[in-house]
Amino acid sequence: MAKVKYYYDSETLSYRKIKRKKTTTFKYATVFLTAAALFGFLSFFIASQYIESPKERQLARELQNMELQYELLNKRTDDAFAALENVEERDNAIYRLYFEANPIPTEQRRAGFGGINRYKKYEGFDNSQLIAESYKRLDILEKAIVVQSKSLDEIAKLAEDKEKFLEAIPAIQPISNVNMTRMASGYGYRTDPFTKVRKFHFGMDFTAPRGTPIYASGDGVIKRADSRSTGYGNHIRIDHGYGYISLYAHLYKYNVKVNQRVKRGDLIGYVGSTGRSEAPHLHYEVFKDGERINPINFYYGNLSAEEYDILLKKASLENQSLD
């Protein structure tokens, strides 16, 4: 029951009941509601500053998890960079060096991206720097992998070319040691068998019976198989590519045709004594870029070290050639 308040009326000398005006009641109500609202706002503000709501706790956990994931991502990126650097080091120090290719500088492998800011869309967040830096490292890693991939493609092509080169150059003796009587004359000054004049002998003479098999000393294409070259008689020329040509002279007969592709060790003809020849033998020459060079340097493919040493000693003797 609400308390009834009275006041003393001096004119009537009696107590009268106090009647509250509606405006006063409204004013009190307004003040009360304002104070309550203010108190509620302050309480909410203080609570929001020092007390987390379930939603905020959830967001905080998600943010913490995101930061952890970015740290793990950066760790994996570090591991990827370390593995890539190992491949790059071998690429520059071994592969490219072996195939005589220029190393790729670090500046090219780790180059960033110029021009516009690629990471502007990540700005304005609490962890903008972390996010942008992570994406930047991933972009650099991706570009470095592309550079390395192209380098390995180049190395693979160089290796293929190297393999073709090693298969192409004239690297075996054109007559088997089993069938060869002896190495009659080497590269250098020798006595001409017809004029007895000392002159330069541009090939090597291998004596062997008529009909002894002659083998291609390297992969290539038959460019000539005829007798239209003075002194050589029936002869074959193989273009090995890379500037190398091998010549086989004084043949008895051919086993190949012009433009035919041959492999090292293929039977191409037989020993004879056609042209300017004193006895059955094979006159063998090697050309590099149009210049005759010493064939003795190209027998590593089928001779042992001892056999090569014996051949080298015989080839160095200044004797009489057979053509």
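Helices here are DSSP runs of H or I with at least four residues, numbered from the N terminus. Every view below comes from a predicted model.

**View 1. The whole protein, before we zoom in.** The protein has 5 helices and 15 strands. Its chain runs to 323 residues, and buried ones make up 32% of them. Take the contacts between residues with a separation of 6 or more: 64% of these involve residues 24 or more positions apart. The accessible surface is about 20900 Å², with 57% of that belonging to carbon and sulfur atoms.

**View 2. Glu88, a buried residue in helix H2.** Helix H2 covers residues 54–98, and Glu88 is part of it. Is Glu88 buried or exposed? Its relative accessible area is 7%, and the cut-off for buried is under 20%, so Glu88 counts as buried. What does Glu88 touch, once neighbours within four places in sequence are left aside? Look for Arg109, Arg110, Ala144 and Gln148, which are its contacts.

**View 3. Phe200 and Phe202, a tilted pair.** The structure holds 4 aromatic pairs. In the one shown here, the ring centres of Phe200 and Phe202 lie 4.8 Å apart and the planes make an angle of 50°, so the pair is tilted. Phe200 has a relative accessibility of 28%, so it counts as partly exposed. Phe202 also counts as partly exposed, because its relative accessibility is 33%.

**View 4. Tyr248 and Tyr284, a pair that links distant parts of the chain.** These two tyrosines make a tilted aromatic pair, with 5.3 Å from centre to centre and 45° between the planes. The partners are 36 residues apart: Tyr248 belongs to strand E10 (residues 244–249), while Tyr284 belongs to strand E14 (residues 281–288). Both tyrosines are buried.

View 5. Elsewhere, Tyr270 has the charged end of Lys253 over its ring, at 5.4 Å from the centre.

**View 6. Strand E9 and its two partners.** How many of the 7 residues of E9 are buried? The count is 5, so call this strand mostly covered. On one pairing, E9 runs antiparallel to strand E8 (residues 220–226), and 5 bridges join the two. Within that pairing, Arg224 has Arg237 in E9 as its bridge partner. E9 also pairs with E10 in the antiparallel sense, again over 5 bridges. There, Gly241 stands opposite Tyr244 in E10.

View 7. Start with Tyr242, which lies in the loop between strand E9 (235–241) and E10. The hairpin of E9 and E10 has 2 residues between the strands, and Tyr242 takes its positive phi, near 55°, in that hairpin. Tyr242 is not a glycine. With a relative accessible area of 40%, Tyr242 is partly exposed. His250 is found in the loop between E10 and E11. It isn't a glycine either, yet its phi is positive, near 70°. Why is His250 called buried? Because its relative accessible area is 1%.

**View 8. An open sheet of 3 strands.** The strand order is E7-E13-E11, and the pairing is antiparallel. Strands E7 (213–215) and E11 (251–254) stand at the edges, and each has a single partner strand, so one side of each lacks a neighbour in the sheet. Ignoring direction, neighbouring strands in this sheet are turned by 35° against each other on average. Between E7 and strand E13 (residues 267–271), the antiparallel pairing has 3 bridges. To find your way along that pairing, look for Tyr215, which stands opposite Leu267 in E13.

Technical notes. Residues numbered from 1 in each chain as written. Predicted model: local features only at pLDDT ≥ 70, side-chain atom pairs only at ≥ 80, totals over all residues. Heavy atoms only, no water. Phe/Tyr/Trp six-rings, centres within 6.5 Å; stacked < 30°, edge-to-face > 60°. Buried < 20%, exposed > 50% of the residue type's maximum accessible area, 1.4 Å probe, protein only. Lys NZ or Arg CZ within 6 Å of the ring centre and 35° of its normal. Pairing = 2+ DSSP bridges. Axes fitted to C-alpha atoms, helices over the stretch in contact; angles between N-to-C directions. Contact = heavy atoms within 4.5 Å. Areas by Shrake-Rupley, 256 points an atom, 1.4 Å probe, with all protein chains shown as cover.
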